[in-house]
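Dear colleague,

I am handing over the structure we spoke of, and my notes on it follow below. Please read them with the model open beside you.

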Amino acid sequence: MLTFPEGFLWGAATASIQVEGASNEDGKAPSVWDTYCRTSGKIKDGSTPDPGADSYHRLGEDIRVLKELGVKAYRFSIAWPRILPAGSGAVNAKGAAYYQRLIDGLLEHGIEPWVTVYHWDLPQCLEDEGGWRNRALAPTFAEYAATLVRLYGDRVKNWIVFNEIQAFVDQGYGNGWKAPGLELPPKELMQVYHHALLAHGLACKAMRAVNPAIKIGTAEHPMPRMPVIETPENIQAASRAWDRHIGFLFEPMMHGRYPDNLDVYPAIKPGDMEAIKDRLDFMGLNMYTGAYVEATEAPPYYRTIPFPRHHFSAPTQGWLRMLPDAMYWGARFSVEKYGAPAIYFTENGLSTPHDLPPEEDRDDVTRIMFVKAYLAAMHAAIADGCPVKGYFFWSPIDSFEWISGYTCSFGLYRVDWKTMERTPRLSAKWYREVVRRNAIV
Ligand code: GBH
């Protein structure tokens with residue numbers, strides 16, 4: 001049996017806009033996703049983040065689910081437009097009180113709250129001023145992040161600044177598949193990245209200024225480039241590919257510089273790179289998939305191997321290709337390249353269709369098989385000396401899945417979209433046992 005180090009942190013994760021619903025309640029202002037869902041025509045089932053999993057009204061039920069799973073930590077995000085409806089300025093007391101209740105409820109049950117400051121729900125009023133195209137959003141974001149630490153920093157010890165800069169920039173501003181749905185050319189897109197990185201760095205500093213005792217990290221989606229056959233040449237090739245594909249985010253954060261093999265660079269003002277750099281307390285990695293590479297003789301000295309159509313992937317998400325070793329390489333490169341002091345896998349999971357017959361939905365052995373393989377690769381990383389300290393399952397409950405709307409399930413618990421009832425799948429039973437025994441079962 002593969003057992004994990006003592007004190008290994010087993011958790012589960014969600015995001016505000018995917019579970020809360022109540023998009024227009026108690027003073028919450030619209031986010032870019034509220035707008036995008038209603039105007040883009042890109043959401044598969046024409047749905048919106050309402051009602052989500054109705055978590056805004058079912059806090060007790062969500063905590064009961066976490067309690068049943070036995071997890072030690074819950075990662076959730078805070079909706080910026082719920083806390084600061086105008087984007088900055090006065091705190092909306094009712095919105096703030098919701099997270100207060102959630103945090104207190106978790107602590108009462110011995111579950112550590114892990115807060116994501118930003119999981120893509122930018123206040124629409126700030127997008128109207130240019131959103132992440134606007135450099136001035138960086139200090140505004142830092143002020144929002146500091147506000148959260150002022151509100152909750154006495155009880156929340158672990159903070160994740162951004163969920164997947166790459167996803168909301170590339171798709172929100174590059175290919176139009178996420179809110180706000182823009183399609184900018186590469187040079188402008190790189191500038192958007194730079195602003196997000198600047199926001200990350202300024203936020204780290206502002207948060208630490210409020211409370212130096214908190215721990216801060218990321219939740220990026222590195223999609224590791226990995227050697228298809230583990231030769232030194234291929235490992236080297238994978239490392240180069242990593243730098244181009246995700247190193248351009250991690251290297252500025254951790255070392256205060258961009259890698260030297262990028263095609264485009266942003267305009268950088270004096271002091272920016274120092275502002276961006278922050279020795280993070282942990283690197284959070286959302287891990288679903290990656291890509292195989294092999295070495296080549298000519299620049300860029302690697303080849304990304306296209307996935308054959310028959311490669312295993314999630315039935316509902318074409319991008320979610322099964323690649324368990326991504327856990328191993330994600331951890332290993334984070335240590336080798338950036339000296340990550342601690343690593344948490346901040347997301348991992350599998351989607352299935354939401355409209356299956358009841359038994360087929362409940363007996364989700366596919367999810368168990370899939371995740372088990374990823375946990376084994378995570379175990380290998382630990383055995384190799386990587387400081388992997390915890391793992392968050394995505395997700396405890398089904399939720400609004402961005403452009404897939406309500407058509408697919410990532411939950412250990414099924415959510416009935418009519419009654420909002422939460423029902424455990426077989427995978428919930430399995431994960432509970434993993435957590436209980438601190439081992440792969
Ligand atoms: C995570 O992103 C998110 O953090 C979480 O909110 C989400 O629910 C979870 O994944 C499951 O999807 O549409 O083909 O262009 C994972 C990284 C980056 C994967 C964007 C999907 C879009 C691929 N995501 N990517 S595509």
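**The ligand and its pocket**

The ligand sits in the largest pocket, where a pocket is an open set of points on a 1 Å grid over the protein atoms alone, with protein on both sides within 12 Å along at least five of seven lines, and sitting there means that more than half of the ligand's atoms lie within 2 Å of its grid points. This is a predicted model, in which local features need pLDDT of at least 70 and side-chain atom pairs count only at pLDDT 80 or more, while totals for chains, interfaces and linings use all residues. Residues are numbered from 1 along each chain as its sequence is written, and side-chain values use heavy atoms, with hydrogens and water left out.

An N or O atom in the side chain of Q18 is 2.8 Å from a ligand oxygen, and polar side-chain atoms of E347 and W402 each lie 2.9 Å from an oxygen atom of the ligand. The protein buries 81% of the 580 Å² that the ligand exposes when taken alone (Shrake-Rupley method, 1.4 Å probe).

**Cysteines**

A search of the whole structure finds zero disulfides (pairs of cysteine sulfur atoms within 2.5 Å). The sulfur of C37 is too far for a bond, because the closest cysteine sulfur, in C408, is 14 Å away. C37 counts as buried (under 20% relative accessible area) at 7%, and C408 is buried at 1%.

Best regards

Key: Polar contact = N/O pair within 3.5 Å; in protein donor to acceptor, adjacent residues only side chain to side chain. 1 Å grid on protein atoms, 1.4 Å probe; cavity = no way out; pocket = protein on both sides within 12 Å on 5 of 7 lines; lining within 4 Å. Buried < 20%, exposed > 50% of the residue type's maximum accessible area, 1.4 Å probe, protein only.
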